[in-house]
Amino acid sequence: MKSFLFCLLLCPALAIAQGALPQLTADIVMPGVKGRIDHFGVDAKRHRLFVAALGNDTVEVLDLNARKRERSLDGFGEPQGILHVPDSNRVFVANSTANRLDILDAESLVLVGHVTGLEDADNVRYDAQARKVYVGYGRGALRVLDATTGASAGDIALPGHPESFQLERNGTRIFVNVPTAGRISVVDRAKQTVVGSWSVPAVANFPMALDEAGRRLFVGARAPAVLIVYDTDTGRVVAKQAIGGDTDDLFFDPARKRIYVVCGEGRIDIVRQHDPDHYALEGTVKTAARARTGFYVPEDGVLYVAAPASGSSPARVLAYKVR
């Protein structure tokens with residue numbers, strides 16, 4: 001207890017000494033993009049960022065070196081989740097209203113295939129060891145796909161539509177936010193079945209991040225606006241931290257022991273992990289109205305945040321260098 005109290009007194013000074021909060025370093029404009037913006041994907045090799053412009057039915061391709069839009073790809077139906085898989089040289093785009101997953105060649109960005117029958121296709125994740133892609137969809141399922149061909153390897157039933165979900169790298173579990181059920185479903189992907197269910201003491205649990213080494217799961221909720229921290233061994237809630245409203249993405253930075261929470265009320269909350277059970281708000285960075293999705297690239301130490309078009313201001317992606 002004494003060491004924790006000492007940390008609470010010392011940490012603000014340490015934050016100032018470390019340069020503290022992320023700094024805006026680029027503002028990448030996406031002219032003509034209207035409506036809501038959903039999730040991102042990244043091709044680190046080609047320095048491309050993919051942006052799901054859900055309300056525009058397009059995928060925006062940004063050149064991260066030049067800090068400008070490279071291309072705008074059309075023909076999608078409310079794209080939500082985007083995943084680049086370097087092993088198979090493919091980009092997977094989940095389409096909500098088109099009820100399908102599109103597969104693109106990562107170099108040319110030419111369409112090479114579809115996976116149909118995926119109602120309200122949403123978040124997409126990759127299991128690098130098994131070379132499987134997971135897509136959340138419908139009233140409650142994860143579809144398992146081959147990462148090269150898109151061939152189905154079965155479904156995992158869930159108690160409601162899945163939002164963000166995270167895979168262990170050194171284990172077989174998937175943690176899934178199921179807000180309509182007010183639960184986190186724990187899936188064993190080797191058995192392709194739910195093996196656990198944890199209650200959520202809040203409503204609208206959409207974003208999620210995993211500290212696998214620290215055995216902690218971070219879940220963002222909107223009512224109340226709170227970050228909930230779970231022990232992944234027991235499913236027990238070990239901490240809560242008030243955050244900004246309307247969050248839809250959050251990311252854990254293990255190198256800096258921080259959680260970046262992207263909040264639609266127009267801010268990024270930076271939460272410090274003092275130890276696995278103790279957290280505090282380190283600071284807040286202003287973004288833009290309805291900017292609630294983003295993507296953290298740890299190799300570059302950059303957090304990207306999507307700002308939808310508003311009035312005379314075009315849609316943008318804001319780049320924040322973390323310190």
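In the predicted model, strands β27 (residues 302-307) and β28 (residues 315-321) run antiparallel and are joined by 6 bridges. Within this pairing, Ala306 stands opposite Val317 of β28. The two strands belong to an open sheet of 4 strands, in which the order is β1-β28-β27-β26 and the pairing is antiparallel. The edges of this sheet are formed by β1 (23-30) and β26, each of which has a single partner strand, so that one side of each is left without a neighbour in the sheet. From one strand to the next, the twist averages 20°.

Strand β26 (294-297) also contributes to the largest pocket, being one of the strands that each supply at least two residues of its lining. The space within this pocket amounts to about 1,500 Å³, and of the 42 residues that line the pocket, Arg125, Gln166, Arg169, Phe295 and Tyr296 are the closest to its centre. Besides β26, the strands that each supply at least two lining residues are β2 (40-43), β6, β10 (124-127), β14 (165-167), β18 (208-211) and β22; the largest share, 5 residues, comes from β22. When the lining of the largest pocket is divided by class, 23 residues are nonpolar, 9 are polar and 10 are charged.

Most residues other than glycine have a negative phi, and most peptide bonds are trans. Against this background, Glu78 has a positive phi of about 50° although it is not a glycine, and this residue is found in the loop between β5 (68-73) and β6 (79-85). Asp246, likewise not a glycine, has a positive phi of about 65°, and its place is in the loop between β21 (237-242) and β22 (247-253). With a relative accessible area of 29%, Glu78 is partly exposed, and Asp246 is also partly exposed, with a relative accessible area of 27%. Both values fall in this class because it covers the range between the buried limit of under 20% and the exposed limit of over 50%.

Pro224 lies in the loop between β19 (216-222) and β20 (225-231).

Key. Residues numbered from 1 in each chain as written. Predicted model: local features only at pLDDT ≥ 70, side-chain atom pairs only at ≥ 80, totals over all residues. Heavy atoms only, no water. Buried < 20%, exposed > 50% of the residue type's maximum accessible area, 1.4 Å probe, protein only. 1 Å grid on protein atoms, 1.4 Å probe; cavity = no way out; pocket = protein on both sides within 12 Å on 5 of 7 lines; lining within 4 Å. Points joined across faces, edges and corners; volume = space filled by probe spheres on them. Nonpolar A, V, L, I, M, F, W, Y, C, P; charged D, E, K, R; others polar. Pairing = 2+ DSSP bridges. Axes fitted to C-alpha atoms, helices over the stretch in contact; angles between N-to-C directions.
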